[in-house]
Amino acid sequence: MADVAEGGPPAEPQARHIIYCGVCTLPPEYCEFGGTTKKCEEWLKESHPDMHERLYSEEALNANLSSLSVSARERAAKDAAKKEAKAALAETRDAERKAAAKVQIKRVERNKRKYVTVISGLEAHGLDNKKLAKELGKKFATGSSVTKSPTGSEEITVQGDVSDDLFEWLVEVHGKVPEENIELIEDKKKKGSS
Ligand SMILES: [Zn+2]
């Protein structure tokens, strides 16, 4: 007589499919090494609350930490801190670059009483020179095209002196460039002899 229940019910599978983090693409168990831990945790909480509960409960965190050797833990923490600092720095730099990016509206005298207005620096504010050149040509019913500056960067040359209107238009209509970033410049033609 044997009441052996060989091969009882199989253990419940732990996970039916593999989940990868929607932020750092690592399996969520490894998010802490990705440098975006905070965002990763938020993502997991939203997308897989069960797994979040399992991985981020205090118990789980303690167990996880004690399974790593001290030096590995220190290394991982340092790496994560470095990555996080790097990301923060890049974000700050980008914001600073944008805040400092000047747009110039320059009135240039081409011939006697003939002017063109040259506007440069728009692309740093996420504006498209080609599109704006077209828009400006229509608005002022004049020639307007994307040209290359002497230094090789793009600018828009509009026929005629429209610098004041252009300034207002840029601030009011487009509103992407802060007023204090716009410089109005007058470039008087230098006369060879006078
Ligand atoms: Zn992650």
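## How long is helix α5?

Helix α5 covers residues 129-140, and at 1.5 Å a residue its 12 residues should span 16 Å; the end C-alpha atoms are 16 Å apart, so the two agree. (The expected span is 1.5 Å times one less than the number of residues; helices are DSSP runs of H or I with at least four residues, strands are runs of E with at least two, and both are numbered from the N terminus.)

This is a predicted model: local features need pLDDT of at least 70, side-chain atom pairs count only at pLDDT 80 or more, and totals for chains, interfaces and linings use all residues. Residues are numbered from 1 along each chain as its sequence is written.

Which residues of α5 are buried? They are Leu 132, Ala 133 and Leu 136. (Buried means 20 or more other C-beta atoms within 10 Å of a residue's own, exposed means 12 or fewer, and partly exposed is in between, with C-beta atoms placed from the backbone.) Looking down the axis of α5, the buried residues fall within an arc of 105°, so they line one face of the helix. (That arc uses the directions from the helix axis to the C-beta atoms.)

Turned away from that buried side are the exposed residues Lys 130, Lys 131 and Lys 138. Just after α5, Ala 141 has a positive phi of about 45°.

## Into the core

The largest nonpolar core has 14 residues, and Leu 132 and Leu 136 are among those with the most contacts inside it. (Such a core is a set of buried Ala, Val, Leu, Ile, Met, Phe, Trp, Tyr and Cys residues joined through C-beta atoms within 7 Å.) Helix α5 gives the most to this core, with 3 residues.
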